Amino acid sequence: MKKKIILGLLAFVMMFTFTTFNSQEAAATKKKIAYVSVKSTYMYKKADRKTKIMSLKKQTAVTYYSMTKPMVKVKYKGKIGYIPAKNLIFLATESQYTTYDREGKRIARVFKDLVEAEKTNQSIFMKSAVNNLNQNFETYREQLNSAMLTKKQKQQLEKKHIHPYLKEVTRMKKYLRVFDEFSNCNANLLSHKGREHLLKAKEALEDTKKYIKANKLRPISSKNLKEFQKIYDEYDIFLKASGK
């Protein structure tokens with residue numbers, strides 16, 4: 001019985017040692033990413049800096065293995081060498097990516113405001129929402145350009161958080177052209193330009209419909225279409241009565 005207990009304890013100790021060793025090994029081999037923080041830096045064959053391997057540009061991502069200042073052992077495109085620690089910035093790639101991914105998701109919430117504004121069919125709210133969304137795009141792009149992320153990661157984030165909404169923004173700009181032409185028509189009711197702008201409003205609406213269909217975007221609601229038709233008919237009647 002005593003022998004069985006000793007053997008059981010021995011097996012547990014061996015299993016614990018093996019598990020701990022594997023965990024330590026996994027941690028040791030886990031990739032750690034650093035980025036070149038200066039305009040360019042050399043990667044040297046040894047820490048003594050006597051032999052140069054290559055020159056790396058700013059924001060180039062390298063895998064680093066040890067941080068023995070002033071030199072850091074790194075790997076880039078299969079080659080192992082050393083780079084001055086002062087020329088690198090050490091960041092956790094995944095946490096950086098997560099941060100920008102979270103910021104990108106905020107754009108989706110701004111887009112919802114745009115959709116809600118369209119339901120009111122009031123151009124002032126829609127223009128404000130479009131401008132807000134455009135501003136968010138510009139700010140986000142600037143953040144991505146200066147972010148210490150790989151080119152592939154930046155492309156993934158743009159594809160995920162910007163590209164899906166670009167066509168929607170174009171759709172809304174076309175849609176707002178209808179309002180602008182109705183407004184121009186109203187301002188020129190007493191001249192022949194009134195009829196010209198009314199026809200342009202109709203053309204803008206048809207152009208918007210075609211764009212929506214071609215890109216499989218959200219259709220204009222039947223309620224809004226009826227409102228447009230009502231506005232068009234009222235202006236049309238007035239212009240005919242005025243001989244325009």
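Let me start with a polar contact of 2.9 Å between the side chains of Asn136 and Arg106. By polar contact I mean a pair of N or O atoms within 3.5 Å; within protein, one must be able to donate a hydrogen and the other to accept it, and residues adjacent in sequence count only if both atoms are side-chain atoms. Asn136 belongs to helix H3. Helices here are DSSP runs of H or I with at least four residues, strands are runs of E with at least two, and both are numbered from the N terminus. Asn136 counts as buried because its relative accessibility is 9%. The cut-offs are under 20% relative accessible area for buried, over 50% for exposed, and partly exposed in between, with a 1.4 Å probe and protein chains only. Besides Arg106, Asn136 is in contact with Ile107 and Val110, leaving aside neighbours within four places in sequence. Contact means heavy atoms within 4.5 Å.

Before going on, the ground rules. This is a predicted model, in which local features need pLDDT of at least 70, side-chain atom pairs count only at pLDDT 80 or more, and totals for chains, interfaces and linings use all residues. Residues are numbered from 1 along each chain as its sequence is written, and side-chain values use heavy atoms, with hydrogens and water left out.

How far can the model be trusted? pLDDT is the predictor's confidence in each residue, from 0 to 100. The protein has a mean pLDDT of 82, and 84% of its residues reach 70 or more. Where pLDDT is low, the predicted coordinates should not be read in detail.

Next, the nonpolar core. The term covers buried Ala, Val, Leu, Ile, Met, Phe, Trp, Tyr and Cys residues joined through side-chain atoms within 4.5 Å. The largest core has 41 residues, and Leu133 and Phe182 touch the most other members. At least two residues each come from helices H2 (93-120), H3 (123-146), H5 (163-187), H6 (193-215) and H7 (222-241). H5 gives the largest share, nine residues. Not counting residues up to four places away in sequence, Leu133 touches Ile107, Val110, Phe111, Leu114 and Val169. There is also a second, separate core of 13 residues, including Ala34, Met54, Tyr76 and Leu88. In soluble globular proteins, nonpolar side chains tend to be buried together.

Leu56 sits in strand E3, residues 52-57. Is Leu56 buried or exposed? Leu56 is buried, because its relative accessible area is 2%. Among the residues Leu56 touches, beyond four places in sequence, are Val36, Met43, Val62, Tyr76 and Ile83.

Now the aromatics. Rings of Phe, Tyr and Trp (its six-membered ring) pair if their centres lie within 6.5 Å; planes under 30 degrees apart count as stacked, over 60 as edge-to-face, and the rest as tilted. The structure holds seven such pairs. Tyr175 and Phe179 make one that is edge-to-face, 5.6 Å centre to centre with 75 degrees between the planes. Both residues lie in helix H5, four residues apart, about one turn of the helix. Phe179 also pairs with Phe228, again edge-to-face, at 5.2 Å centre to centre and 65 degrees between the planes. Phe179 is in H5 and Phe228 in H7, so this pair ties together parts 49 residues apart in sequence. Phe228 is buried, with a relative accessible area of 3%. Tyr175, Phe179, Phe182, Phe228 and Tyr235 form one aromatic cluster.

Two rings have a charge over the face, which requires NZ of Lys or CZ of Arg within 6 Å of the ring centre and within 35 degrees of the ring normal. Lys52 lies over Tyr42, 4.0 Å from the ring centre, and Arg171 lies over Tyr175, at 5.9 Å.

Last, backbone angles. Most residues other than glycine have a negative phi. Arg49 has a positive phi, near 65 degrees, and sits in the loop between strand E2 (40-44) and E3. At 35% relative accessibility, Arg49 is partly exposed. Asn121 also has a positive phi, near 60 degrees. Asn121 is in the loop between H2 and H3 and is buried, with a relative accessible area of 9%.
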